[in-house]
Amino acid sequence: MPFVVHVVDDDPAIRESLKALLCDAGYEVDCYSSAEAFLQVRAPRRGCALIDLWLKGTDGITLQKELIASNAALSVIMMSAYGDIEHAVTAMRLGAVDFVQKPFSPENMLEKIDRLAKATDSDDTSMREARQHAALIELLTPREKQVLSMIVDGLANKQVAGQLGISARTVETHRVHIMQKLNAESLPHLVRIWISAGNLIEVPEY
């Protein structure tokens with residue numbers, strides 16, 4: 001499958017310059033002027049998404065969360081014209097591979113794309129899934145993280161309830177929400193998601 005670069009930026013000059021740079025380097029490039037336009041593509045092709053942080057309408061962080069929730073096969077590079085450390089940290093915690101400040105060096109940007117494109121399919125898929133799984137877990141509430149940690153440790157609902165001082169029914173409600181937020185189809189799938197995230201997540205104490 002070709003490695004496609006998806007450029008999501010509301011500045012037409014940025015879109016055109018990135019498209020020219022990357023097309024000249026032999027990449028296939030799709031451009032979008034908004035997060036909404038990009039989200040209309042139900043299954044964006046494998047590759048990388050260059051996303052502007054301060055998009056009009058739905059912003060870059062929200063778009064990144066939507067891509068995570070849909071398990072899109074994309075690595076994300078967030079871009080911003082402002083040195084916003086807080087949002088850079090948020091983007092990286094959500095699994096972005098890099099945060100680039102505008103104006104950026106074309107050569108440097110091309111190096112980043114080349115590095116992603118040259119990663120082997122297995123390594124790329126494994127790392128992307130790990131980042132996405134960790135990002136989904138980070139979207140859970142602190143209580144949901146506690147419940148998840150105890151569930152994957154093999155504790156039954158009643159045991160979880162007893163240790164946390166809540167009802168078994170509340171534990172079951174948390175469990176349903178966790179399954180939904182992590183797009184888990186079963187308990188074994190939930191465990192695989194937890195294992196995949198590995199050391200990218202902080203295990204809560206209980």
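I began at Asp 10, and, leaving aside residues up to four places away in sequence, I found that Asp 10 touches Arg 15, Ser 33, Asp 52, Trp 54, Leu 55 and Lys 56, where contact means heavy atoms within 4.5 Å. The model is predicted, so I note that local features need pLDDT of at least 70 and side-chain atom pairs count only at pLDDT 80 or more, while totals for chains, interfaces and linings use all residues. Residues are numbered from 1 along each chain as its sequence is written, and side-chain values use heavy atoms, with hydrogens and water left out.

I placed Asp 10 in the loop between strand 1 and helix 1 (12-24); helices (H or I, at least four residues) and strands (E, at least two) are DSSP runs numbered from the N terminus. With a relative accessible area of 23%, Asp 10 is partly exposed, since buried means under 20%, exposed over 50% and partly exposed in between, with a 1.4 Å probe and protein chains only. I also looked up Asn 71, 61 residues from Asp 10 along the chain, and their C-alpha atoms are separated by 24 Å.

I then turned to the sheet, which is open, has five strands in the order 2-1-3-4-5, and shows parallel pairing (two strands pair if DSSP finds at least two bridges between them). Strand 2 (28-32) and strand 5 (98-101) stand at the edges with a single partner strand each, so one side of each is left without a neighbour in the sheet. On average, and with direction ignored, neighbouring strands are turned by 20 degrees against each other; axes are lines fitted to C-alpha atoms, for helices over the stretch in contact, and angles run from 0 to 180 degrees between N-to-C directions.

Strand 3 (residues 47-52) pairs with strand 4 (residues 74-80) in the parallel sense over six bridges, and Ala 49 stands opposite Val 76 in strand 4. Helix 3 (residues 60-69) packs on the sheet, touching strand 1 (4-8), strand 3 and strand 4, and its direction makes about 175 degrees with that of strand 4. Helix 4 (residues 85-93) lies across strand 4 and strand 5, and runs at about 150 degrees to strand 5.

For the chain as a whole, I noted ten helices and five strands, with C-alpha atoms that fill a box of roughly 60 × 35 × 30 Å along the principal axes. Buried residues make up 46% of the 206 residues. Of the contacts with a separation of 6 or more, 65% are between residues 24 or more positions apart.
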